[in-house]
Amino acid sequence: MSEAVKKIAVVQGVPGAVVQDLFRVLAARWQGCARLAGLIAEDHGLPGRACSAGYLRSLASGERFAIFQDLGPGSAGCHLAGDGALAAAAAVRRDIATGCDLVLLSKFGKLEANGGGLRDAFGAAIEAQVPVLTSVSPAQLAAWKAFAAPLFTVVPADADRIDAWRQSVRPPNAPHAPEPATAYA
């Protein structure tokens, strides 16, 4: 299988917040021409916290899933909470089962590397042969490769390049995305 037609695209090379902003832009661009399933990460907005885990927002329903425990200001430990991620993964699996053209999953991170988090949502998308757009935590790259190689390609954090990948994996009769008013790169 050539790089251009791999059904999983992984965005790497920029901070997670930049990736999530890019995913929001792309989801808005594709909303009218593709049935999207998946989740985008959102900050918790709490000052003085060591961990950035916050919420996962469903692209299909808008539902918000908390993936953190508030350990209070000045806490040094990560407050990642897997229960919210598991509930979010279950919602994505339901959305995949009802039909979608693309699954966008915020990232494959520590929870997924350990068999939890969104891992079942990734698996459901792969099993349904639906294209997936995601990012991978650099610390979890080996676990990602063990899970998804050789099914993925790495793409730069560039909206036009990611859109070109999406066009290469979209169903033959699906409409094209509208031209963006401004480019995000």
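Me: What makes the model a predicted one in its cut-offs, and how are residues numbered?
Reply: In this predicted model local features need pLDDT of at least 70, side-chain atom pairs count only at pLDDT 80 or more, and totals for chains, interfaces and linings use all residues. Residues are numbered from 1 along each chain as its sequence is written, and side-chain values use heavy atoms, with hydrogens and water left out.

Me: How many helices and strands are there in the protein?
Reply: The protein has six helices and seven strands. Helices (H or I, at least four residues) and strands (E, at least two) are DSSP runs, numbered from the N terminus.

Me: Why are strand 4 and strand 7 called edge strands?
Reply: The seven strands form an open sheet of mixed pairing, in the order 4-3-2-5-6-1-7. Strand 4 (64–66) and strand 7 (152–155) each pair on one side only, so they are its edge strands.

Me: Why are strand 1 and strand 7 said to pair?
Reply: Two strands pair if DSSP finds at least two bridges between them. Strand 1 (residues 8–11) and strand 7 have four bridges, in the parallel sense, and therefore they pair. Val11 stands opposite Val155 in strand 7.

Me: What does the angle given for helix 4 to strand 5 refer to?
Reply: Helix 4 (residues 119–127) runs at about 150 degrees to strand 5. Axes are lines fitted to C-alpha atoms, for helices over the stretch in contact (heavy atoms within 4.5 Å), and angles run from 0 to 180 degrees between N-to-C directions.
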